[in-house]
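Okay, thanks everyone, I'll keep this short. Let me put the sequence and the structure up, and then we'll go through a couple of helices.

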Amino acid sequence: MVIAKATECNKMTSKAGFKTVGIGQNVRSTLVKARSDKRVVVGIANAIRSLAENPNNFLFCFMAPPKHHDSAAHMQEVLLEAFCFENDIYIIKVDNAERLSRLLDSSELASCALVSKPQALSKQTGEEFSRSENLLIDHCELYWDEPIKPVIKLPEK
């Protein structure tokens, strides 16, 4: 049984020839850039409130496992994932809430972070998204229909 899981894991990291090596650095780059552009909503309660106001503004929903597992938090997470899926918001599961909080420079433990879409097209390149955002979009498209999303390991620094 363990061998089957390891084989399944290897299949997930190289699906359609797309390697997920380095995807953690793309997550880091996206979060740092979005934070500097003030396009991040941190925390599940703030995320739910922001999504209720205008779900079309958001591109990514980063979800980390909560520190304390309780049924209410789990239900909020499941409903948030379903809402994001219905509204074409990419869900990216990350491995560590503390590292996510550190990347966002958040004083609270961040088990969830929403990144909104950029406000305007880049005048230099004519593209709407950064290179790291485009790579994350490609990654998310590969796993869109998968019942279990891969968990991305965030960089230590």
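So, to start: which residues in H4 are buried? Keep in mind that this is a predicted model. In H4, the buried ones are Ala-73, Glu-77, Leu-80 and Cys-84. They sit on the same side of H4, because the arc they cover around the axis is only 65°. If you want the background, residues three or four places apart point the same way because an α-helix has 3.6 residues a turn.

What do the buried residues of H4 pack against? There are four partners here: helix H3, at 44-53, plus strand E2 at 58-63, strand E3 at 90-94 and strand E4 at 112-116.

As for the helix itself, H4 runs over residues 71-86, so that's 16 residues. From first C-alpha to last, H4 reaches 23 Å, close to the 22 Å expected at 1.5 Å a residue. After H4 comes Asp-88, and its phi is positive, near 55°.

Okay, on to the other pair. Helix H2, residues 23-36, packs with helix H5, residues 97-104, at an angle of about 40°, and their axes are 9 Å apart. That makes H2 and H5 oblique to each other. Who meets whom? From H2 we have Arg-28, Leu-31, Val-32 and Arg-35, and they meet Leu-100, Arg-102, Leu-103 and Leu-104 in H5. Sort the residues of that contact and you get five nonpolar, three charged and no polar.

Note on methods. Residues numbered from 1 in each chain as written. Predicted model: local features only at pLDDT ≥ 70, side-chain atom pairs only at ≥ 80, totals over all residues. Heavy atoms only, no water. Helix = DSSP H or I, 4+ residues; strand = E, 2+ residues; numbered from the N terminus. Expected span 1.5 Å × (residues − 1). Buried < 20%, exposed > 50% of the residue type's maximum accessible area, 1.4 Å probe, protein only. Arc of directions from axis to C-beta. Contact = heavy atoms within 4.5 Å. Axes fitted to C-alpha atoms, helices over the stretch in contact; angles between N-to-C directions. Parallel < 35°, antiparallel > 145°, perpendicular 65-115°, else oblique. Nonpolar A, V, L, I, M, F, W, Y, C, P; charged D, E, K, R; others polar.
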